[in-house]
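Have a look at the model first, then read the points in order.

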Amino acid sequence: DKILQLLGVTAQSNIQSDSITLGAAISACEKGRKWEALQLFSVMSDTQVKPNTITFNTAISACERGNEWEKALLLISSMAKGNAECNIITFNSTISACEKSGVWQKALQLSSDMEKHTVESNTMHFNATISACGKGGEWQKALQLFSDMLLKTVQP
């Protein structure tokens, strides 16, 4: 709440916030497990500050920690519409949000979307997607992913 108040004071004082200032505030909330991170992210659009990859990733990470997989999916989809590029952190956090909420189909779809964005797979990505499939009782898909991981020479 204090961060939101401070941003209100800066706005009233005609002190302009930029993506770095708001990104730092979002990051502080996310690291402190304060869900105001998502409110701060929406403040960015209200202030005409364009979010970048880092601020999107931080907001998605807050969604992951807060079991807000649907919001994480909205954010990753917003990235595609804006100028922010999706990277491995974007996908890992969003896949983890889906995995924690037991939404294996979405995790699997995101895993496949990585190739469209030319994002290289890594251990975290495979582990979260395999775990999501396992939680969903999709052991065959989990085994296929493990096989894919070994073929891509990603260390388990």
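1. Which residues does Leu-110 touch, not counting residues up to four places away in sequence? They are Leu-73, Ile-76, Phe-91, Thr-94, Ile-95 and Cys-98, where contact means heavy atoms within 4.5 Å.

2. Before going on, a word on what you're looking at. This is a predicted model, in which local features need pLDDT of at least 70 and side-chain atom pairs count only at pLDDT 80 or more, while totals for chains, interfaces and linings use all residues. Residues are numbered from 1 along each chain as its sequence is written, and side-chain values use heavy atoms, with hydrogens and water left out.

3. Back to Leu-110. This residue is found in helix 7, helices being DSSP runs (H or I, at least four residues) numbered from the N terminus. Leu-110 has a relative accessible area of 5%, so it counts as buried (buried means under 20% relative accessible area, exposed over 50%, partly exposed in between, with a 1.4 Å probe and protein chains only). One of its contacts, Phe-91, sits 19 residues away along the chain, yet the two C-alpha atoms are separated by 6.9 Å.

4. Leu-110 turns up again in the largest nonpolar core, which has 30 residues. A nonpolar core here is a set of buried Ala, Val, Leu, Ile, Met, Phe, Trp, Tyr and Cys residues joined through side-chain atoms within 4.5 Å. The residues with the most contacts inside this core are Phe-91, Ile-95 and Leu-110. At least two core residues come from each of helix 4 (53-65), helix 5 (69-81), helix 6 (88-100), helix 7, helix 8 and helix 9.

5. Beyond residues up to four places away in sequence, Thr-94 touches Ile-60, Ala-72, Leu-73, Ile-76 and Leu-110. Ser-96 is also in helix 6; with 13% relative accessibility, Ser-96 counts as buried.

6. On the helix 5 side, Trp-69, Ala-72, Leu-73, Ile-76 and Met-79 meet Thr-90, Phe-91, Thr-94, Ala-97 and Cys-98 of helix 6. By class, this contact has 8 nonpolar, 2 polar and no charged residues (Ala, Val, Leu, Ile, Met, Phe, Trp, Tyr, Cys and Pro count as nonpolar, Asp, Glu, Lys and Arg as charged, and the others, Gly among them, as polar).

7. Next come helix 7 (residues 104-116) and helix 8, with axes that come within 8 Å and cross at roughly 150°. Helix 7 and helix 8 are therefore roughly antiparallel. In their contact, Trp-104, Ala-107, Leu-108, Ser-111 and Met-114 of helix 7 meet His-125, Thr-129, Ala-132 and Cys-133 of helix 8. That comes to 6 nonpolar, 3 polar and no charged residues.

8. What about helix 8 (residues 123-135) and helix 9 (residues 139-151)? Their axes come within 7 Å, crossing at roughly 165°, so this pair is roughly antiparallel. Phe-126, Thr-129, Ile-130, Cys-133 and Gly-134 in helix 8 pack against a helix 9 set that includes Trp-139, Lys-141, Leu-145 and Asp-148. By class, the contact has 8 nonpolar, 2 polar and 2 charged residues.

9. Asn-67, in the loop between helix 4 and helix 5, has a phi near 55°, a positive value in a residue other than glycine. Asn-67 is partly exposed, at 45% relative accessibility. Thr-118 lies in the loop between helix 7 and helix 8, and its phi is positive as well, about 50°, although it is not a glycine. At 71% relative accessibility, Thr-118 counts as exposed.

Definitions and conventions:
Axes are lines fitted to C-alpha atoms, for helices over the stretch in contact, and angles run from 0 to 180 degrees between N-to-C directions. Angles under 35 degrees count as roughly parallel, over 145 as roughly antiparallel, 65 to 115 as roughly perpendicular and the rest as oblique.
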